[in-house]
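Okay, thanks for coming, everyone. Let me put the structure up and walk you through a few spots.

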Amino acid sequence: MPNATQLAQLRSRLEAEKREIEERQSHNEHNGLASSLRDNTGELSPIDNHPADLGTELFERSKDLALLENEDLHLTRISQALEAMDNGTYGQCRACGKPIPDERLEALPDSLYCVEHAPRQETSHRQPAEEDFLAPPFGRSSRDDDDYNGFDGEDAWQIVEQWGTSESPAFSENNNVDDYDHIGIEADENDGFVESYESFVATDITGNHVSVIRNRHYKQYMDHEEGDHELEQE
């Protein structure tokens, strides 16, 4: 427990910190939050033509909110500490009632708990629910690891990727090519079929009569020695 001299010094420090925070909030208009986002940006609408412009303002405003919340919490702790000084309970842990060491009070004059019972002493590893969809890549729709041949998240990205990205062949995932047509993820993957021969084998409406279309895919299939040349029809 602090003696009368220590208590007076700690009270003086707390009151000075309280005045400093209140004056700072008054001068900077509570970190700029006294006015609306529209007034701060000068925009006629908070929905800007370019979302990135307003995104920067939104980030800065969120940061100001966090700073203001931290200062408000500090003010609350100071007020509670001054109240504890007035009622004679300052220096005793609110949780266990044991004396708070003088060294802790010197470092944190607004502390009302000992180290063992200090609130929020464990770092939270909880993340927003949205982050559950960020891993593995492509979220829950990525099924490439399964025996699944249907349309999945990777297929959706490949379609979008065909329209272009900011990457060059040197920085793409498929960096063993030197043209923009094949820099996408698994650019040579079969599109719309599983087996290579499905791209040149066809049937009639009944599915009984099979025919071979000797197209470019058929030629590549034979050149890669995937087919048997002796089975070709004359």
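So, helices here are DSSP runs of H or I with at least four residues, strands are runs of E with at least two, and both are numbered from the N terminus. Before going on: this is a predicted model, where local features need pLDDT of at least 70, side-chain atom pairs count only at pLDDT 80 or more, and totals for chains, interfaces and linings use all residues. Residues are numbered from 1 along each chain as its sequence is written, and side-chain values use heavy atoms, with hydrogens and water left out.

Leu10, Leu14, Ile21 and Gln25 of α1 are buried, meaning under 20% relative accessible area, while exposed is over 50% and partly exposed is in between, with a 1.4 Å probe and protein chains only.

Now, cysteines. How many disulfides does a search of the whole structure find? It finds 0, taking a disulfide as two cysteine sulfurs within 2.5 Å. Cys93 is in none, and its nearest cysteine sulfur, on Cys114, is 3.6 Å away. Cys93 counts as buried because its relative accessibility is 3%. Cys114 is buried too, at 7%.

Last stop: Val212, in strand β2 (residues 210–212). Val212 has a relative accessible area of 40%, so we call this residue partly exposed.
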